[in-house]
Amino acid sequence: MVSTASTPPQKPAAAAPRRKVSRHRGEGQWAKGHYTPLNGNEQFKKDDDGLNVRTRIETIYSKAGFDSIDPNDLRGRMRWWGLYTQRKPGIDGGKTAILEPEELDDKYFMMRVRIDGGRLSTQQLRVIGEISQEFARGTADLTDRQNVQYHWIRIEDVPEIWRRLEAVGLSSTEACGDTPRVILGSPVAGIAEEEIIDGTPAIEEIYRRIVGNKDFSNLPRKFKSAVSGSPLLDVAHEINDIAFVGVEHPELGPGFDVWVGGGLSTNPKLGVRLGTWVSLDDVPDVYEGVISIFRDHGFRRLRTRARLKFLVADWGAEKFRQVLEDEYLLRKLHDGPAPEQPVERWRDHVGVHRQKDGRYYIGFAPRVGRVDGTILTKIAQLAEDHGSGRLRTTAEQKMIVLDITQDRVDSVVAALEALDLRVTPSPFRRGTMACTGIEYCKLAIVETKARAASLIDELERRLPEFEEPLTINLNGCPNACARIQVADIGLKGQLVLDDDGNQVEGYQVHLGGALGLEAGFGRKVRGLKVTSSELPDYVERVVRRFEAEREDGERFATWVTRASEEALS
């Protein structure tokens with residue numbers, strides 16, 4: 001029998017607490033209508049385009065002096081013209097993150113001269129050297145993005161420096177800032193015997209369309225690019241925002257494979273292939289499409305997520321390609337093959353190499369990119385004296401003299417070696433790079449350039465028979481300007497405790513990174529840090545263990561993946 005008793009009455013559900021409704025501003029993507037600046041950087045870019053600061057530099061700041069510079073120009077827009085304030089001398093690394101920007105600022109600037117494709121005439125190099133001697137206290141560093149950097153630049157001298165650079169076809173336009181930075185190119189484009197395709201015309205057209213164009217002068221952050229038709233993969237394509245890599249299509253012939261979304265810093269990511277084949281003529285259109293996607297869809301809310309790599313990671317390669325084709329190019333791209341793995345393990349072009357016209361190019365290695373104005377003018381003169389009018393910078397802090405006839409090769413090599421510019425360097429001289437470091441950089445925590453130079457000397461003395469390719473990259477802070485995550489031995493500067501408990505300069509060790517052959521970020525050994533004074537002992541120890549344990553033909557990075565933590569410590 002079914003009961004007719006009613007169920008007891010239920011208590012009414014408690015009302016849910018009212019939530020505060022706020023307008024979701026997303027990631028600050030313009031394509032979604034989020035134009036309201038969400039941080040100070042986006043605000044000063046909205047207030048005035050960074051390219052406009054040149055007029056104020058020329059008409060006001062260079063005449064009234066450093067103290068007349070508006071703070072948003074000083075620490076913001078002046079970067080659009082390749083100018084950063086440098087670190088005030090005497091401030092130790094422990095104060096880097098504590099002091100206010102105005103406390104770290106010296107009244108001098110670093111100026112970056114962009115050298116797209118790494119291409120220089122001897123006349124241009126001579127002017128770079130003369131500017132260094134006259135206005136930069138002799139400083140001139142070769143960077144791992146094929147640029148030259150000066151230090152000690154006074155604001156009063158900037159207009160004259162620009163005049164001299166631009167008179168020979170050089171500039172500092174958008175060498176820094178949230179802009180399209182220098183376009184890397186194969187330093188042997190157009191001359192190497194083994195080249196797949198010469199990307200120089202594409203670099204020239206990209207520069208003509210994009211650099212100094214206000215349609216692309218307000219990006220979420222910097223935009224790094226590379227174009228190379230070399231089978232050596234000589235422009236670090238895996239860590240650029242966009243890169244075009246030479247490939248041979250079985251039906252369409254030589255062209256480029258497209259990579260997007262690479263970058264290092266504190267959240268490193270390797271670029272991904274879009275799976276497309278692009279002709280030489282189409283490279284500028286694809287570049288423009290990708291940089292437009294970055295401008296329109298890039299994340300602007302947080303500076304730490306404002307690089308293209310985060311958008312690519314969010315969308316994936318398939319969606320990125322679809323948006324590029326359907327909304328920006330308005331046409332489909334051809335599918336294409338991946339580049340082949342390079343045969344050579346060095347890709348810096350150091351040494352003597354035959355050109356396809358029968359002449360020779362000669363690559364040489366300064367110490368960690370550190371040269372000076374006097375040396376640069378001597379290199380220019382040396383090249384001219386031996387019949388060359390062309391030079392190149394590389395993406396490995398090296399330089400190349402082109403077009404040397406066979407009968408003059410030996411004399412050029414001897415002249416370079418006499419300047420301590422090694423044509424046949426040790427693996428340690430050849431494979432060691434360093435960022436600017438605490439000497440000039442406001443972000444740095446430790447010294448790098450001098451430390452790296454002394455490390456090279458020590459390793460050459462201690463391990464004179466070592467001949468394997470080995471990269472050792474020193475960085476003064478976590479930002480990875482010297483590519484620590486993709487080096488065999490990457491050294492990230494930080495303050496550490498010595499055996500007596502004192503806080504001293506040192507490095508966190510990162511091992512087994514690589515580009516080109518099996519690109520990857522390697523491994524960090526838990527807690528492995530070394531003081532600066534211990535660095536030669538540590539590197540010698542780990543290299544000797546590699547020599548003792550390696551299998552035939554095994555690379556350092558491969559050995560690291562299977563080595564014990566004890567062997568790496």
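Contact here means heavy atoms within 4.5 Å. The model is predicted, so local features need pLDDT of at least 70 and side-chain atom pairs count only at pLDDT 80 or more, whereas totals for chains, interfaces and linings use all residues. Residues are numbered from 1 along each chain as its sequence is written, and side-chain values use heavy atoms, with hydrogens and water left out.

Q: Leaving aside its neighbours within four places in sequence, with which residues is Met 78 in contact?
A: A nonpolar core is a set of buried Ala, Val, Leu, Ile, Met, Phe, Trp, Tyr and Cys residues joined through side-chain atoms within 4.5 Å, where buried means under 20% relative accessible area, exposed over 50% and partly exposed in between (1.4 Å probe, protein chains only). Met 78 is among the residues with the most contacts inside the largest such core, which has 55 residues. Beyond four places in sequence, the residues in contact with Met 78 are Val 53, Ile 57, Ile 69, Asp 73, Leu 83, Phe 109 and Ile 155.

Q: Within what arc do the buried residues of α12 fall?
A: Helices (H or I, at least four residues) and strands (E, at least two) are DSSP runs, numbered from the N terminus. In helix α12, residues 409–418, the buried positions are Val 409, Val 412, Val 413 and Leu 416. They line one face of the helix because, seen down its axis and taking directions from the axis to the C-beta atoms, they fall within an arc of 100°.

Q: How far from the sulfur of Cys 441 is the nearest cysteine sulfur?
A: With a disulfide taken as a pair of cysteine sulfur atoms within 2.5 Å, the count comes to zero. Cys 441 is therefore in no disulfide, and the nearest cysteine sulfur, that of Cys 477, lies at 5.9 Å.

Q: Is Cys 477 buried or exposed?
A: Cys 477 is likewise in no disulfide. Whereas Cys 441 is partly exposed, with a relative accessible area of 26%, the relative accessibility of Cys 477 is 5%, and so Cys 477 counts as buried.

Q: In which strand is Asn 473 placed?
A: At 4% relative accessibility, Asn 473 counts as buried. Leaving aside neighbours within four places in sequence, its contacts include Gly 431, Met 433, Arg 483 and Leu 491. The strand holding Asn 473 spans residues 472–475 and is β18.
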